[in-house]
Amino acid sequence: MSLNSPLFSVIPEETVRVAKAAFPKGNRSLLLRDTFGPLFHHADFQHLFSHTGQPGEDPARLALMTILQFAERLSDVQAADAVRSRIDWKYLLALPLSDVGFDPSVLREFRTRLVDGNAEYLRFDTLLTQFREQKLLRARGRQRSDATHVLAAVRALNRLECVGSTLRHALNSLAVVAPDWLLTLKQPAWLERYEKRFEDERLPEAAAERTALATEVGRDGSSFLTAVIAADAPDWLRHIPAIETLRRVWLQNDTWTEQERLRWRTNEETPPAGQYISSPYDHDCRSSQQRGLTWIGYTVHVTASCDADLPHLMTNVATTMATTADDAVTEGMHQALKQRDLLPEIHLTDTGYIDAELRIASERRYQRDLLGPVRGDDHRQAKEGKGFAAADFLIDWEAQQVTCPAAKTSISWTPALDNRGSPVIKIKFSMKDCQVCIHREACTDGKRRSVTVRPQEQHEALQARRQRQQTPDFKRASAKRAGVEGTMSQRVRSGDVRHAR
Ligand code: SF4
């Protein structure tokens, strides 16, 4: 495909006449064209295409079509049919009535070109630029973010099904690309064991039988991998993606004893969910659990504008593994918005996206308010409102000493990392003071009180935000975040965003 195709800035007269007659009150496609014109220009996509070769479809048209196709959930064949047969599409794409469209494979090639050229965001960014030019979006306004789950397009497999399916997938891949080499392995038993889909088989229920089967599959996979990396095997075999997946899945499920015997790992010995491959058909999907929901797939984070006087438009979309914490996305979100010159004055989020470190970074780096409630103090004393919370202790940062409400001073000040790797300071009081203290029962469950705080700047930012989030003004402002659920609901209904394609 080249770019030697005509532009679509002018709609043929006959197309206009028939479309206006068919839709005297207009419809979505007509309105889109009349409001925004062609939306895309072939120059936007120029760098993705060769300037020589056969003239092809205008990429600006294809960009617009892929959006329509997505919005109406059409397959490539259905979308190509719509170009041929629908007058509202011909109007939007500025095609003559006689245009016969193109082969559906053109759409797939166009998407591949976008992905290969790292240009997945090109259409989105171009639209945002247009919206800004039309004054439908403003930088330094208000925006809000939220996330929802996305189910991967794979079956949920247990560990045994996953290893069996992975070996079957690797065997099938080699049966296509290296059938003669596969026959040299002379393993007729594998045909019987892996002919059918592993997840369709009735697996043994007894634990001992399941472990025996897992060990047998483990041995098969191990022999197969050994054969693939043997000196006499073709070198390129080991670079086949299904073989690399097999190697990784084997490492996460099998190990070797000191006697060099293969052993099925216990559940406790497998990698954490963030690293665990759940399916041979999708390496990036992960199993996660949140608010009572368990899913295998991804999380999509959506940011949308929410200025009262403007339409509410999406300004950023980020997809992560299902196990990625929300606050790991915040900085990337801000960078993406900055690149688009769309950083909001106030960014409304929920607790998951905020911690003291991120708040400070946001204010310092972008001079923006990351507005949302931070996590409360979840220690027993703060939650029950009994005894003394960390906020009741007086900290002398310079002297690195803390005074408790009973006027006793701490005896140790130890910088450490919490379980998320963030810096904290662990402070301890003297056992001698605490054991004779009249407040001891309310203050601590142990023999002495210890307090963990963030470094000074974060600690003070956290305390200030905890106080501020109790005020009516803060509650009123942050209540506006809830409206992002409407944006999310629209994405679910019109774009089926909760299912990976
Ligand atoms: S228990 Fe220890 S830390 Fe708590 S108030 Fe008494 S002396 Fe202070």
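Leu-39 is buried, because 20 other C-beta atoms lie within 10 Å and a count of 20 or more is what makes a residue buried. The model is a predicted one. Leu-39 sits in the loop between α2 (28-36) and α3. Neighbours within four places in sequence aside, Leu-39 is in contact with Leu-64, Leu-127 and Gln-130. Ala-60 lies 21 residues away from Leu-39 along the chain, yet 8.1 Å separate their C-alpha atoms.

Nonpolar side chains tend to be buried together in soluble globular proteins.

Ala-63 also has contacts beyond four places in sequence: Phe-40, Phe-45 and Arg-123.

**Domains**

The domain assignment divides the chain as follows.

| Domain | Residues |
|---|---|
| domain 1 | 13-134 |
| domain 2 | 159-269 |
| domain 3 | 288-374 + 474-495 |
| domain 4 | 382-455 |

Domain 3 is given as two segments, 288-374 and 474-495. The centres of domain 2 and domain 4, taken over C-alpha atoms, are 53 Å apart.

**The ligand**

Which residues are closest to the ligand? They are Cys-404, Cys-434, Cys-437, Cys-443 and Arg-449. In total, 13 residues surround the ligand. Helices α16 (431-435) and α17 (440-443) are the elements that give two or more residues to this shell. By type, the shell divides into seven nonpolar, two polar and four charged residues.

**Confidence**

The mean pLDDT of the chain is 87. Of its residues, 94% reach 70 or more. Among the elements, helix α1 (residues 13-22) has the highest mean pLDDT, 96. Helix α14 (residues 356-366) has the lowest, 69. Over residues 1-5, pLDDT stays under 50. For that stretch the model has 21 contacts beyond four places in sequence. Where pLDDT is low, the predicted coordinates should not be read in detail.

Technical notes: Residues numbered from 1 in each chain as written. Predicted model: local features only at pLDDT ≥ 70, side-chain atom pairs only at ≥ 80, totals over all residues. Near = placed C-beta within 6 Å. Helix = DSSP H or I, 4+ residues; strand = E, 2+ residues; numbered from the N terminus. Nonpolar A, V, L, I, M, F, W, Y, C, P; charged D, E, K, R; others polar. pLDDT = per-residue confidence, 0-100. Contact = placed C-beta atoms within 7 Å. Buried ≥ 20, exposed ≤ 12 C-beta atoms within 10 Å, placed from the backbone. Domains from an automatic or database assignment.
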